[in-house]
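This note collects comments on the structure displayed here.

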Amino acid sequence: MTATSPSAMAAHSAAASSATAIAGTEAGADSWQPEVDELKFRREQAEALGGADAVDKHHQQGRLTIRERIAGLVDTGSFSEVGRLTGHGRMEGGRLVGVTPAPYVMGLAQIDGRQIAIGGEDFTVRGGTSWSGDRKKGGQGGFVEDLAHQYRIPLVNLIDGSGGSVTSIQRRGHAVFPGVHGFERSVQLLGEVPVVCAVMGTAAGGPAGRAILSHWSVMVKNTSQVFAAGPPVVERSLGQKITKDELGGHQLAVDTAGTIDNVAATEQEAFELIRRFLSYLPQNVWQLPPAVATDDPVDRAEQDLLSIVPKNRRKPYDMRRVIRLIADRGSVFEIQPTFGKAVITSLARMNGKVVGFVANNPMVYGGAVDVKAARKQAHFIDLCDCFHIPLVFLVDVPGFMVGRDAEAAATLREGMRTVYVSLQATVPMFTVVVRKCYGMAGMAATDKNGLDFKIAWPSAEWGSLPIEGGVAAAFRREIAAAADPKAREAELEEALRASASPFRTAEAFGVEEIIDPRETRAYLCRFIDAAQGRLATTVGPKLKAGVRP
């Protein structure tokens, strides 16, 4: 890719005019060869993006161009560009000498043979700032979102731009009120088709907002950032000097804030993650998720499950390994693995059918749900419910996180949102109590408006609150009056624990089944297969609390 100087472009135009004049004479007066040559020249200008110097600078920062990104993500030869000629032509002496393309590239493509709408900013042209003509190509609204909406196909946004600029005031002669180019279509799409946003460079303002308005998002380690406004605005408004990575790099955006779901080491890895995420989702909410053939036996019984939960109730274990041992081999795709670590959320397959796993992580806070884990769980349930993906809860939760810091962080509010979201969900849910299931956090892992089907391992225990804390509260005076308060507290706990056996609850049919842990895969696969007929009757947009998403 080489830069085209004005003089070189003028020579190109003159030569083209001379050649086409001869061709026109040879082909006859009605030949459209001159216009076809101009079309070719305009396409070449679009392919050159911001020119060789701008492209080289972009590459030196470790980033691909938007055209390289699209080519690296979609099926070879499948990209049909729309709006390639959009931009600003430069004329000299009545002749076209060059074109500055619009800083956005988009169109129709395929990923694994499935149609998608795809678009992204071209950072080599004005830093990917927004551009408007008679119709927007993409960004905030525009043709690419209309394409996804009208054809009911997934939308992939490759984000690398800073949105609006104050220079637009000079161009227009007036300031534009917020929302002239709003997020109306972006929000509508969230209830219709899968929306993926990949932050490939620096995203600020509108592009950063679009990254949030997605079902799943990814960014690239060390070369991408996302924030509401960049370091110059922060320094001017708050007096804080801060780098782009400190303000919105992957450590803050993914690990700390959870603004973006996953992080990739390279742009190529980000493309692989995008392909894999989309492989679990249907084309739109009017279809079911794609099932695949599998050679993993439904009745595979893993011996390790029998001893994976320690007899010592305070000892943690690897819940991710539990998921891997139950799900189809190699099918687990974890979402937000570094944020809200007290809960594990993963897409996977069971007998080839797509499911969503929500599992408490006993290695973090003993599995207690903190504010970040609650936000993560609610978002994941919404995702699965939107696209008709059954949910499997692997429960080991002592409750919501407690204490002053937890209350100050509004853990209770976010925790109850998980209860609200699970009660709003319409997909089949399967509750597997692995160990602890207590309090309101336990309620969020059940299907109260559905079959309310709960199975448990022999290691399971449940109640309004854990016996240890419950005894201390309910028998406070008796314990304090005892000659040996600690011993009396232990006696009371032991007495209640005998009555809290899961087998006692099973006798009352308070839990539907207690199973050998090694039977978990087979048991779940049978019921997930049986639930497919129910899923087929619930396709379409979801209605939640009277508000269509």
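1. The charged end of Arg 152 sits over the ring of Trp 286, at 3.6 Å from the ring centre. A charge is said to sit over a ring if NZ of Lys or CZ of Arg is within 6 Å of the ring centre and within 35 degrees of the ring normal. The model is predicted: local features need pLDDT of at least 70, side-chain atom pairs count only at pLDDT 80 or more, and totals for chains, interfaces and linings use all residues. Residues are numbered from 1 along each chain as its sequence is written, and side-chain values use heavy atoms, with hydrogens and water left out.

2. Aromatic pairs come next; such a pair is described by the distance of the centres and the angle of the planes. The whole structure holds eight aromatic pairs. Rings of Phe, Tyr and Trp (its six-membered ring) pair if their centres lie within 6.5 Å; planes under 30 degrees apart count as stacked, over 60 as edge-to-face and the rest as tilted.

3. Helices (H or I, at least four residues) and strands (E, at least two) are DSSP runs, numbered from the N terminus. Both Phe 277 and Phe 333 are buried, where buried means under 20% relative accessible area, exposed over 50%, and partly exposed in between (1.4 Å probe, protein chains only). Together with Trp 216 and Tyr 280, Phe 277 and Phe 333 form one aromatic cluster.

4. Why does the pair of Tyr 523 and Phe 527 count as stacked? The ring centres are 5.4 Å apart and the planes meet at 15°, so the pair falls in that class. Tyr 523 and Phe 527 are separated by about one helical turn, because they stand four residues apart in helix α22 (residues 520-530). Tyr 523 has a relative accessible area of 19% and is therefore buried, whereas Phe 527, at 31%, counts as partly exposed.

5. On a 1 Å grid over the protein atoms alone, a cavity is a set of points where a 1.4 Å probe fits but cannot get out, and a pocket is an open set with protein on both sides within 12 Å along at least five of seven lines; lining residues have an atom within 4 Å of a point. Grid points are joined across faces, edges and corners, and a volume is the space filled by probe spheres set on the points.

6. Of the 29 residues lining the second largest pocket, Ser 214, Ala 378, His 379, Asp 382 and Arg 417 lie nearest its centre. Helix α14 gives the largest share of this lining, seven residues. By class, the lining has 12 nonpolar, nine polar and eight charged residues. Here Ala, Val, Leu, Ile, Met, Phe, Trp, Tyr, Cys and Pro count as nonpolar, Asp, Glu, Lys and Arg as charged, and the others, Gly among them, as polar.

7. Three cavities of 30 Å³ or more are found in the whole structure. The largest cavity has about 80 Å³ of space, and the lining of the largest cavity divides into 10 nonpolar, three polar and no charged residues.
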